[in-house]
Amino acid sequence: MTIPEEEQPLLTPSHHDVVERREGWVTSLLWQFKDWNAHPYWLIPVVLAVNMSRGVTMAPRIQVYKAIACRALYGPSPDFIARSDFQAFTDCSGTDVAARAAKIQAAIATTASILSATSTGFWSRFGDAYGRKPIFVLYLLGAIFIEFVFVLVMRPNTIFSRYAEHFILLGPIVEGLSGALATFLGLLHAYISDCTRHGSRSKIFSTIHGIIFIGLSAGPWFTGMVLPPGASTDAFFYISITLLALTLLYTLAILPESCKRASDDDSSHGTNEDQTKPAPLVLRGYFLRFLAALMSPIVMFAPRPIKGYPRKRTYILTFLGLGAFIHTVSSGLYGIRYIFAQHLYSWSTAQLGYYMSLLWIIKAANLLVILPIVISYFKPKTRAAPGASLSPYELAAELRFDRRLAQASLVLESALDLLVVLISRNSEAVFVVLSCAGSFTSGVNPALHSLAAICLHACGYSSEVGALFGAKAVLAAIAYIISPTIFATTYAATVAYFPQAIFLLATVLILLSIAFISAIRPPLGDINMVYGTTAEEPSSRHEEERP
């Protein structure tokens, strides 16, 4: 039966309308993902998985360095090639192998750090303009690549294993160009700063750093539960690759963007200008932009005028940069310390993994439980409502608090390193106890990051926080260029008669860092110059919160 033409509906639903209704819930869900607001706690899965993957391969990497050193010094034996449970590596326990392994580790760290120092400034500026997520994705791709390189160099009877000392450098080259760990940490702090108000951020930074150590400590325990005893070296790195790949999917699909992109009008205007210029001038422009991005991070820590007062200069960011740089150089002790402990106390891979995990668990407990309690109790109280900016008086008080927190952690760290030199030579138990006590100094990094952000705000340049953390990441990358060479050379030269010399070197460096951090004392009058209030009492006038 046909319907008369006059009774047919005037607007029949098209195929497109039906499909649109059918897929409406999918579109709605995707828009909900897109509209999620950025918050520091969205970073928890990223931080946890990335550092769990690092913890999975931390001890196996030390053994890979020893394996490569053994091959380079003595050549591969049939038993050495065939076995994959690392037990064969204990035959190469001499001081020459330990020294060679330290140099291989230093070469890898130095290569990644040199390239990271040249690329981090560019990526941080790129993140300020186009968002943080693309840089997270780039870092994860570089991290996956370096794990594949470790798999390749441990393949027996291949060109990769025969020239492992050269091929293993491919990993840090790619990782360094993608920013490496320094860029990742800078991105974390920039993302957090995008989502939180100005002032002391020690508590949220402490939480994120605590999750870093939870991930690191969970890695060895996770592989201990999943992998059987005697599992091949490939299995550790494949687990790490899987974790990183899942994190990559989470970042692409779920993680909200914290930094708004530059407007399309601005970008299209720049594109149209480039299209009207000759190709050589366009290339020259891109090259100059790259150089500016490379050099601008270092300039962030130069003495600068207080905003609005060009003749009044402040040095607090300079002192902060010097203190953070020297402390990062001293952190080169940690990688060599694992080689030191394994050589001096004849630890197996499993023992080394549990030692690392124990330290990371204590650091996580300190950052997630102990330090937040200390911060909540001693942090200056503020009358500012949530979401409102702090007055100059309150800003100065929180700056002093962050400085003292960093100083206390650094003093404890230097004292414990000195005790290792004095009393731990013949006692494995004393070394472990001092190492565990040193884990309670883990508050220094969140305190320094919070101090950096609040110093920038005190100078009136709070809009440059992304560039600041990018600059701090560049300083860290430069420090990692110097640090492995200093500590590896010192250890190789002293391992036969005074292996604790590396701890003495770290003590001296930390004391220098304390001196520079102690010099960060901006007068309250300088902060009042920026925000235009008096210093007698906390101001009730608040700067409009940044969107």
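Helices (H or I, at least four residues) and strands (E, at least two) are DSSP runs, numbered from the N terminus. Colour this predicted model by secondary structure: the protein has 23 helices and two strands. Residues are numbered from 1 along each chain as its sequence is written. Because the model is predicted, local features need pLDDT of at least 70 and side-chain atom pairs count only at pLDDT 80 or more, while totals for chains, interfaces and linings use all residues; side-chain values use heavy atoms, without hydrogens and water.

Stay with the whole protein. Of its 547 residues, 51% are buried (under 20% relative accessible area; exposed is over 50%, partly exposed in between; 1.4 Å probe, protein chains only). The protein exposes about 25,300 Å², of which carbon and sulfur atoms supply 65% (Shrake-Rupley method, 1.4 Å probe; for residues, only the protein chains shown count as cover).

Next, select the cysteines. The structure holds zero disulfides (pairs of cysteine sulfur atoms within 2.5 Å). For cysteine 455, the nearest cysteine sulfur belongs to cysteine 459, 6.7 Å away. Cysteine 455 is buried, at 0% relative accessible area.

Now select Leu48, Ile214, Leu368, Val369, Ile370, Ile373, Val374, Tyr377, Phe378, Leu412 and Phe440. Together they form a nonpolar surface patch with about 970 Å² of accessible area. Patch residues have over 30% relative accessible area and no salt bridge; like charges are joined within 9 Å, nonpolar side chains (Val, Leu, Ile, Met, Phe, Trp, Tyr) within 5 Å. A salt bridge is a side-chain nitrogen of Lys or Arg within 4 Å of a carboxyl oxygen of Asp or Glu.

Show helix H17 (residues 349-378), which gives the most to this patch, with seven residues. Leucine 368 lies in helix H17 and is partly exposed, at 31% relative accessible area.
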